[in-house]
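Please look through the sequence and the structure below before reading on. The paragraphs that follow take up charged side-chain pairs and then the packing of nonpolar residues.

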Amino acid sequence: MAAPKVAVVGAGVIGLSTALCIVETCPSCSVTVLSDQFSPNTTGDVAAGMLIPHMYPGTPIHMQKQWFKETFTYLFAISNSAEASEAGIHLVSGWQVFKSTPKEKLPFWADVVLGFRPMSEAELQKFPQHQFGQAFTTLKCDCPPYLLWLEKRLKATGVQMHTRKVADLWELHSEFDIVVNCAGIGAHQLVGDEKLFPVRGQVLKVHAPWVKNFIRDGDGLTYIYPGIHRVTLGGTREKENWSLSPDHGTTKDILDRCCTLEPSLQKAQDIKVKVGLRPSRHCVRLQREILSQGGVKLLVVHNYGHGAGGFSVHRGTAKEAARLVGECIAALRGSSSRAKL
């Protein structure tokens, strides 16, 4: 059979990294990325890009750990290469602090990040409202440069990228053999997934070059993540809120909360407000599906619903999606060889 034609719908961090993994594992494929939005207008462009996993209640822990480990290993290698600056990836050390001691003092990802340990009494004195903390070094991805770096890698391998709004996966069946759905929150409409809901996140990107360490409140609501050029301050988690308009009261609240953790941020300048909708569901949807209409079949692989944890697991889930695409290709080859018989 001719080279299988694969369409990846969505050009956020999940879509681009999935396309890259497909090219790497199935080099005989012809891959096209279709999206109505590319960087700098994706949800990923708003994300802080910190590698600290978020829990998916419906996904087995060993799978979550595998995805995180694969992502960490992949980005760590880039951070140790000449590509690090262009890709926007760097190591950052800091603290996760808790107002009361959590049930689980050792999270499942503790041995993946670097140097994980409980905070000392002396360190905790910096956070008088908190009584327990963890110190570790992880990776931070500055998202806009990383997305552009992924695009550049894809173009170098001959992947086509087209700005196109896909309203229905069926509209692609005459052009492509396999469709990979990485539409993020767009999957709510695209495939009618009622289990998918937005969690609105508002963050501030500020100029505060003296802030070198990350600080994250254990409840996940308040965080300070220093990037290469700007510091990301957050945040909000507003379920079922579809608004992309910044809220002035929220901006003030985020700034106040972050200044409680790091008082020097009162001097932060050039505050830019960003809003994104995290595509959230009980578990990441990562599976094969065969759609059929009037005797015609369309092979689909879904990879969406990463919520707030997309950056932490993006490479791991992309590798799994690419493996599923490989299964689809094997099925196509099997049916075409049977047809010849």
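A residue is called buried when its relative accessible area is under 20%, exposed when that area is over 50%, and partly exposed in between, as computed with a 1.4 Å probe on protein chains only. What is shown is a predicted model, in which local features need pLDDT of at least 70 and side-chain atom pairs count only at pLDDT 80 or more, while totals for chains, interfaces and linings use all residues. Residues are numbered from 1 along each chain as its sequence is written, and side-chain values use heavy atoms, with hydrogens and water left out.

The charged pairs can be taken up with one rule, by which a salt bridge is a side-chain nitrogen of Lys or Arg within 4 Å of a carboxyl oxygen of Asp or Glu. Under this rule the model has 22 salt bridges. One of them joins Arg 323 to Glu 320, with N and O 2.7 Å apart. Helices here are DSSP runs of H or I with at least four residues, and strands are runs of E with at least two, numbered from the N terminus. Arg 323 and Glu 320 lie three residues apart in helix H9 (residues 310-340), and are therefore separated by about one helical turn. Glu 320 is partly exposed at 23% relative accessibility, and Arg 323 is also partly exposed, at 43%.

Lys 272 meets Asp 270 in a salt bridge with an N to O distance of 3.2 Å; Lys 272 is partly exposed, with a relative accessible area of 38%, and Asp 270 is partly exposed at 44%. In the salt bridge between Arg 285 and Glu 289 the closest N and O atoms are 3.4 Å apart, and here Arg 285 is buried at 15%, whereas Glu 289 is partly exposed at 28%.

The nonpolar residues come next. A nonpolar core is a set of buried Ala, Val, Leu, Ile, Met, Phe, Trp, Tyr and Cys residues joined through side-chain atoms within 4.5 Å. The largest such core has 69 residues, of which Ile 22, Val 31, Val 33, Leu 75 and Tyr 146 touch the most other members. Helix H9 gives the most to this core, contributing ten residues. Contact means heavy atoms within 4.5 Å, and, leaving aside residues up to four places away in sequence, Ile 22 touches Val 6, Val 8, Pro 27, Cys 29, Val 31, Val 180, Ala 322 and Val 325. A second, separate core has 20 residues, among them Met 119, Val 211, Val 231 and Leu 261.
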